[in-house]
Amino acid sequence: MTALREVAVVGAGAAGLHAAEALRRAGYDGRLTLIGAEDEPPYDRPPLSKHLLDGQWQPDRLALRSPDALAELRLDLRLGVPAERLDRQARTVHLADGHQVRCQAVVLATGVRPRRLPGAEAPLPGAHVLRTLADALALREELRPGTRLLVAGGGLLGAEAAATAVGLGAEVVWLVSAAAPLAAVLGAETAALLTGLHREHGVRIHRGTAAAVVRRRGRAAGVRLADGSELAADAVLMAIGSEPATEWLAGSGVPLDAGGGVACDAHCAAGPGVWAAGDAASWPDPRTGRRRRLEQRTNATEQALHAARNLLAGPDGARQAYAPVPYLWTDQYGLRIQAFGSPGTADRFELVDGSPADHRFAAACLHRGRVTGAVGIACARALRQLRAQVAAHAPWPPADPVTRQTADHAPARLS
Amino acid sequence: MLVQIDQEKCCGAGHCVLAAPDVFDQRDEDGIVVLLDARPPAELHQAVQDAAAVCPAAAIQLDQAPDRA
């Protein structure tokens with residue numbers, strides 16, 4: 001391999017940090033620039049809708065690495081400076097502050113940006129999104145007993161924020177467009193359990209589609225729905241999905257997919273010297289051939305490690321295809337729901353332990369007779385044992401019960 | 001090597017158990033990490049470093065200094 005002396009990582013979230021760290025761990029000793037649009041050193045986002053929002057944690061707990069551990073990475077750390085343009089020919093990243101970073105290889109890890117509703121495309125008091133630490137602190141500021149919070153969006157982020165807010169005494173309306181919110185992510189059984197808990201705790205679930213934020217006296221005052229009706233609120237959280245933060249790559253020649261994600265090959269590469277990882281990166285799933293992009297915390301880490309490994313592997317031979325077993329978790333009402341694979345697309349739900357009614361279960365989620373997902377609560381061991389079957393898309397029931405027992409302890413590569 | 005875990009940060013992914021089952025386990029009730037061996041033998045150090053690197057919650061801290069014990 002020609003000597004690699006200059007690598008830039010654009011995006012200083014989990015994916016960017018892990019890419020940089022993996023490069024150093026693998027022995028890369030050259031210049032390593034980590035570029036982040038936010039002011040904070042790399043921090044963890046999942047707590048933003050959980051313990052940061054409910055006030056149990058202060059921002060310093062979110063740091064992904066201690067100052068000492070960061071210093072050991074010998075980074076040229078450029079925080080608070082968005083990347084503005086990538087010149088692939090000149091191998092240069094142009095930053096918003098006018099600086100240029102030369103690099104022989106670049107890892108794109110700029111993540112996603114929350115969608116906003118018409119009426120609140122620009123910052124508006126009372127209209128919130130939840131992606132950054134600043135977003136979470138602004139929302140936390142509004143959540144008081146009696147605050148009427150409208151959460152628009154039936155995904156995990158909206159569900160977690162609704163649960164946290166109602167726990168703080170807010171009056172929460174959760175606006176969802178699907179008949180069974182969360183079912184597309186977690187499967188119908190787990191989704192039903194969770195929506196039941198939301199109702200028990202006082203969240204009012206309203207079915208409808210948000211069309212715009214209603215403004216009154218310079219503030220968000222609610223949401224207008226697609227059917228023309230309005231829901232009044234003191235504050236609105238827009239949790240209606242995200243878009244890859246890739247517009248700065250326009251004209252760079254880096255391929256983007258239909259959704260705006262960086263269109264990587266199976267090895268996390270998006271052209272010579274260009275790599276991508278995290279929420280913004282899509283890649284062809286080796287099993288289905290279909291392009292996937294995962295906005296999941298664990299994927300950010302695993303894909304970043306993978307991209308870094310392939311980057312250092314050089315042009316021929318040793319690159320490996322990225323074939324993760326996706327993992328996600330969500331904390332709501334004191335329960336931790338954990339899932340591997342894609343429980344949301346299953347057509348059968350096979351309990352292997354416990355029962356949803358007891359808030360303690362592990363289940364295999366089958367699609368056409370194969371294990372394509374697993375979901376559970378408070379059954380970590382049984383769930384972990386299902387992981388190997390999710391990875392293999394194993395037929396159900398397992399042919400050899402002994403395999404089930406030992407799969408857990410088999411040597412494992414995570415990606 | 002000294003291994004430290006932060007059970008409050010742990011998200012229960014179990015990646016550490018997959019990477020280094022002799023050093024990490026999970027509580028069954030919530031999947032939270034349990035440290036089996038805070039001073040693992042040298043032959044496990046690579047696996048423990050892998051576990052710390054893949055932890056999605058940055059809940060594993062390693063003190064790489066040579067063991068004083």
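Between chain B and chain A, four salt bridges are counted, in a model that is predicted. Taken over all chains, the structure holds 25 salt bridges. One that links the two chains is formed by the side chains of Arg25(A) and Asp50(B), whose N and O atoms lie 3.2 Å apart. Another joins Glu8(B) to Arg61(A), and here the closest N and O atoms are 3.2 Å apart. This second pair runs from one chain to the other, with Glu8(B) placed in the loop between β1 (2–5) and α1 of chain B, and Arg61(A) placed in the loop between β2 (31–36) and α2 (67–72) of chain A.

The interface to which these pairs belong can also be described as a whole. The size of an interface is often given as the accessible area lost when the parts come together. For chain B and chain A the buried area is about 2500 Å², and 48% of it falls on carbon and sulfur atoms. Chain B contributes 30 residues to the contact, while chain A contributes 29 residues. Across this interface, 19 residue pairs are found in polar contact, with both residues of each pair at pLDDT 80 or more. On the side of chain B that touches chain A, at least two residues are supplied by each of α1 (15–19), β2 (24–26) and α2 (45–54) of chain B. Of the elements of chain B, α2(B) gives the most to this side, namely six residues. By class, the residues of the side of chain B that touches chain A comprise 14 nonpolar, seven polar and nine charged.

Within chain A, helix α1 (residues 14–25) packs against helix α7 (residues 297–313) at an angle of about 35°, the two axes being 8 Å apart. The crossing of α1(A) and α7(A) is right-handed. On α1(A), the contact is made by Ala14(A), Ala15(A), His18(A), Ala19(A), Ala22(A) and Leu23(A), whereas the residues from α7(A) include Arg297(A), Thr301(A), Ala304(A) and Leu311(A). Sorted by class, this contact of α1(A) with α7(A) has 11 nonpolar residues, two polar residues and one charged residue.

Two features of the backbone of chain A remain to be described. Most residues other than glycine have a negative phi, and most peptide bonds are trans. Trp396(A) and Pro397(A), however, are joined by a cis peptide bond, with an omega of about 0°, and Pro397(A) is found in the loop between α8 (380–392) and α9 (401–407) of chain A. Arg91(A), although it is not a glycine, has a positive phi of about 50°, and its place is in the loop between β4 (83–87) and β5 (92–95) of chain A.

Definitions and conventions:
Residues numbered from 1 in each chain as written. Chains lettered and ligands numbered in written order. Predicted model: local features only at pLDDT ≥ 70, side-chain atom pairs only at ≥ 80, totals over all residues. Heavy atoms only, no water. Axes fitted to C-alpha atoms, helices over the stretch in contact; angles between N-to-C directions. Helix = DSSP H or I, 4+ residues; strand = E, 2+ residues; numbered from the N terminus. Left-handed = near helix turned anticlockwise from the far one by under 90°. Contact = heavy atoms within 4.5 Å. Nonpolar A, V, L, I, M, F, W, Y, C, P; charged D, E, K, R; others polar. Buried area = accessible area lost by both parts, 1.4 Å probe. Polar contact = N/O pair within 3.5 Å; in protein donor to acceptor, adjacent residues only side chain to side chain.
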